Amino acid sequence: MGQWPQKGGICLINHLVRAVPNLFTIGNLLSGVFSITFNMNGYLQMASIFIFLSAIFDFFDGRLARRLKVNSEFGVELDSLADIVSLGVAPALLFYSLEPPSIFTTIAFVLFPTMGALRLAKFNVKPTRGYFMGLPITAAGLLMACMGIFLYSNALITIVLSILMVSPVRIKKL
């Protein structure tokens, strides 16, 4: 039986360890894409469940990166892009599918992912320790998914969540 040279085996293990957090981030992104797909096919509660699943992946990706000491700029950017899809766009589409058309529905639909993206960009440029500045997109997306589970939506709640994401409110990190 051939064995890997010691140096090559360690290199492979290092690559695999570095990939683990990004695989969770990809799970977050794919959960968001599945949520959008289920939404487009009329399975709104299933779309909500996939938003919850994306939040679970989002919870673990950064923690794994820190624990494994494999933080990277690439991982931070990938995480933000995944969050925009799974916790910004997917909840906004779920809301839009449930709410009757109106000017407020359109405003809320546009504001939610836009303010989520601004909040993520602000956090990436100026991270905080011990607290979040503004409501995290994960919390806002989960609140939208909770409403979706019960097939409920509300334009005013969605607009308030959007504004809270970019507000100067400090929220303690868990």
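Here is a walk through this structure, from the overall layout down to a few single residues.

Keep in mind that this is a predicted model. Start with the big picture: the chain has 6 helices and 2 strands, and reading from the N terminus the order is α-α-α-α-β-α-α-β. Laid along its principal axes, the box holding the C-alpha atoms comes to roughly 65 × 35 × 20 Å. Of the 174 residues in the chain, 37% are buried. If you look at contacts between residues at least 6 apart in sequence, 80% of them join residues at least 24 apart.

Now for the helix packing. Take H4 (residues 103-125) and H6 (residues 155-165): their axes come within 8 Å and cross at roughly 20°. An angle under 35 degrees counts as roughly parallel, so that is the label for H4 against H6. The crossing of this pair is left-handed. From H4, the residues involved include Phe 104, Ile 107, Leu 111, Phe 112 and Met 115, while H6 brings in Ala 155, Thr 158, Ile 159, Leu 161, Ser 162 and Met 165. Sorted by class, the H4 and H6 contact has 10 nonpolar, 4 polar and 1 charged residues.

H3 and H5 make another such pair. Their axes are 9 Å apart and the helices pack at an angle of about 30°, which means that H3 also runs roughly parallel to H5. Here, too, the crossing is left-handed. On the H3 side you'll find Asp 83, Leu 87, Gly 88, Pro 91, Leu 94, Phe 95 and Leu 98; facing them from H5 are Ile 137, Thr 138, Gly 141, Met 144, Ala 145 and Gly 148. By class, the contact of H3 with H5 comes out at 8 nonpolar, 4 polar and 1 charged residues.

Next, a couple of loop residues with backbone angles to look at. Lys 69 sits in the loop between H2 and H3, and its phi is near 60°, a positive value in a residue other than glycine. With a relative accessibility of 72%, Lys 69 counts as exposed, because the cut-off for that is over 50%. Leu 151, in the loop between H5 and H6, has a positive phi as well, about 55°, and is not a glycine either. Its relative accessibility is 48%, so Leu 151 counts as partly exposed.

Finally, go to Lys 173, in the segment after strand S2 (170-172). This lysine is partly exposed, at 26% relative accessibility. The C-alpha atoms of Lys 173 and Thr 128 are 9.6 Å apart, although the two residues are 45 places from each other along the chain. Setting aside neighbours within four places in sequence, Lys 173 is in contact with Phe 123, Thr 128, Arg 129, Gly 130, Tyr 131 and Phe 132.

Methods:
Residues numbered from 1 in each chain as written. Predicted model: local features only at pLDDT ≥ 70, side-chain atom pairs only at ≥ 80, totals over all residues. Heavy atoms only, no water. Axes fitted to C-alpha atoms, helices over the stretch in contact; angles between N-to-C directions. Helix = DSSP H or I, 4+ residues; strand = E, 2+ residues; numbered from the N terminus. Parallel < 35°, antiparallel > 145°, perpendicular 65-115°, else oblique. Left-handed = near helix turned anticlockwise from the far one by under 90°. Contact = heavy atoms within 4.5 Å. Nonpolar A, V, L, I, M, F, W, Y, C, P; charged D, E, K, R; others polar. Buried < 20%, exposed > 50% of the residue type's maximum accessible area, 1.4 Å probe, protein only.
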